[in-house]
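Please walk me through this structure. I am new to it and would like a plain account of how its parts are arranged.

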Amino acid sequence: EDDSGRVAVVSSPAMPFNYQMANFSFLLVTGLALLLILILFQGTINYFRGNTLFFSARIQLFINIAFFLPLIVVSVTTLSLTSLSSLRQLNAEYLNKSRFFGSQVASMLDDYNQTEDESKINFENQLVSLAQLSNLDANVYTPDGKLLASSQTLIFDNDLISEYINPEALYRIRNDENLFVTEERVGSLNYYVSYAALKSSL
């Protein structure tokens, strides 16, 4: 409360019951993991000293292994399935964006004239604007695989990426794969690229 009588009330939402159970489960698993590590550490020391574990320590070790082994297997399987599902969903989103973006670029190519510099500048400006609206980076290549226009020209000006299309992608397009996602690499950076074949009079 300040001098003028105004009162500031600080509050936070109550933690849901499932969050409380998740915290309890995390603490329980952490405690059991620490106990297992302690028993393994003690067993290693006793082994090098030529001693044997007490019967109660052996029971605790077997109980922990019986608990953690299925937990680890289930966790790895669940994470693998979740990762695979997320990757498929991401690829589907890439393909939908590419299909919609490609149809718009194809209509822009109908008004493009390679012999006129003004037409090329207008096409590049339209491509940059469309890429910004779609929140993505876009490159347009000729049927021979040469870069025609890009929304990120500095990448090519600085020779970070070749001005020619990925040969594997060009091969797939020429074999009637009109829409697909592939993984590419620049240095140590791996990233996904979606390709869409454009039908135009170019």
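**From a salt bridge to the cores**

At 32% relative accessibility, Glu 177 counts as partly exposed, a class between buried (under 20% relative accessible area) and exposed (over 50%), found with a 1.4 Å probe and protein chains only. The model is predicted: local features need pLDDT of at least 70, side-chain atom pairs count only at pLDDT 80 or more, and totals for chains, interfaces and linings use all residues. Residues are numbered from 1 along each chain as its sequence is written, and side-chain values use heavy atoms, with hydrogens and water left out.

The side chain of Glu 177 meets that of Arg 172 in a salt bridge, 2.9 Å from N to O. A salt bridge here is a side-chain nitrogen of Lys or Arg within 4 Å of a carboxyl oxygen of Asp or Glu. The structure holds two of them. In the other, Glu 163 and Lys 146 meet at 3.2 Å, N to O. This pair links distant parts of the chain, 17 residues apart: Glu 163 is in the loop between helix H4 (153–157) and H5, and Lys 146 is in the loop between strands E1 (139–141) and E2. Helices (H or I, at least four residues) and strands (E, at least two) are DSSP runs, numbered from the N terminus. Glu 163 is partly exposed, at 35%, and so is Lys 146, at 31%.

Helix H5 covers residues 167–174, and Asn 166 caps its N-terminal end, with a side-chain oxygen 3.1 Å from the backbone nitrogen of Glu 168. After H5 comes Asp 176, whose phi is positive, near 70°.

Strands E3 (residues 179–186) and E4 (residues 189–196) pair in the antiparallel sense over eight bridges; two strands pair if DSSP finds at least two bridges between them. Glu 183 has Tyr 192 in E4 as its bridge partner. Two residues lie between the strands of this hairpin, where Gly 187 takes a positive phi near 65°.

What holds the interior? The largest nonpolar core has 13 residues, and among those touching the most other members are Phe 101, Phe 123 and Val 140. Helix H2 (55–109), helix H3 (117–134) and strand E2 (147–150) each give two or more residues to this core. Another core, of nine residues, lies apart from it and includes Tyr 141, Leu 170 and Val 193. A nonpolar core is a set of buried Ala, Val, Leu, Ile, Met, Phe, Trp, Tyr and Cys residues joined through side-chain atoms within 4.5 Å.

How values were computed: A polar contact is a pair of N or O atoms within 3.5 Å; within protein, one must be able to donate a hydrogen and the other to accept it, and residues adjacent in sequence count only if both atoms are side-chain atoms.
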